[in-house]
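Dear colleague,

Please find below the structure that I am handing over to you. My findings follow it.

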Amino acid sequence: MGKGKGAKGVTYYNFTSDQFTGFHGIVIPGTPKDWYYILEGLLEQETSLKPTEIASDTSGASEIAFGIFRLLGWQFSPRLADVGSATLFRADPAAYYGRLDGLIRSRVNLGLIRDNWDDLLRVAASLSTGAVKASELFRYFAGGGTPTPIGRALMELGKLDRSTYLACYFDDELLRRRVQTQLNRQESRHTLARKIFHGQKGELRQKYKEGQEDQLGTLGFITNVCILWNTVYTARALDEIRAEGKKIAAADIARLSPLGFEHFNFLGRYNFALPEIIRDGALRPLRTPPPGQ
């Protein structure tokens, strides 16, 4: 974000659960597209959520990323572009992989993984305990294009996991659909957030990172409020439909999204004085739609 001559932008990485809620966000000076900020955000988030699978776009699909995510116990599931040119690796030179055997010509250096295994575990422990930031550590491991021995060992470990993931991605339509669905949810959440973030032309006006984090953190909070409101009242509307004796197909319910915003009025004055009935925990009455809707 940024305008004018000499304006500098920032990148905002935000994290969305498979239940549509945002659970963390980090502000990064400049406009990098580095995967380790995804890792850094996951390690810093303080909610009760325990992610097991991480979906991202293609820019995060490096071998070293697969290696460290596996070492930390997470399934890294990026959406892949140009996968037809990807290289598959084998660990056992004598193994036979059927019709894929001719495609798997490269080998993983297991010796490099074994020689650096203790250091790899120390890296995982340091990241898990917050002793070091992922962005600082992996810039060092990358070595300006010449990875360190630990960086190379992580790449070799990542080759194993990336090859397994590629094989599944080729074969499993449900995996591809699951990854795409999660990324679609993220984009839909961004659309809602842009509608909320209309003040001052939707620009960050704070000059310092702390102020930018406060502004974007508030945006994430209000977005979650809107999602919660939609979830609660959608569930109530479904209950009322069922109470009328009407059946609702599970497939139709699965298609519902709490990211709609046409019914929200983002402009005008904001009044935070709740009616007494709402303060006591009751819900607002449902509106009856006009006939034919």
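How many of the residues of the protein count as buried? Of its 293 residues, 35% do, where buried means under 20% relative accessible area with a 1.4 Å probe, protein chains only.

This is a predicted model, in which local features need pLDDT of at least 70 and side-chain atom pairs count only at pLDDT 80 or more, while totals for chains, interfaces and linings use all residues. Residues are numbered from 1 along each chain as its sequence is written, and side-chain values use heavy atoms, with hydrogens and water left out.

The protein has 10 helices and six strands, taken as DSSP runs (helices H or I, at least four residues; strands E, at least two) and numbered from the N terminus. Its C-alpha atoms fill a box of roughly 70 × 50 × 35 Å along the principal axes.

On confidence, pLDDT (the predictor's confidence in each residue, from 0 to 100) averages 87, and 92% of the residues score at least 70. Over residues 1-6 the pLDDT is below 50.

Yours sincerely

Terms used: Buried < 20%, exposed > 50% of the residue type's maximum accessible area, 1.4 Å probe, protein only. Contact = heavy atoms within 4.5 Å.
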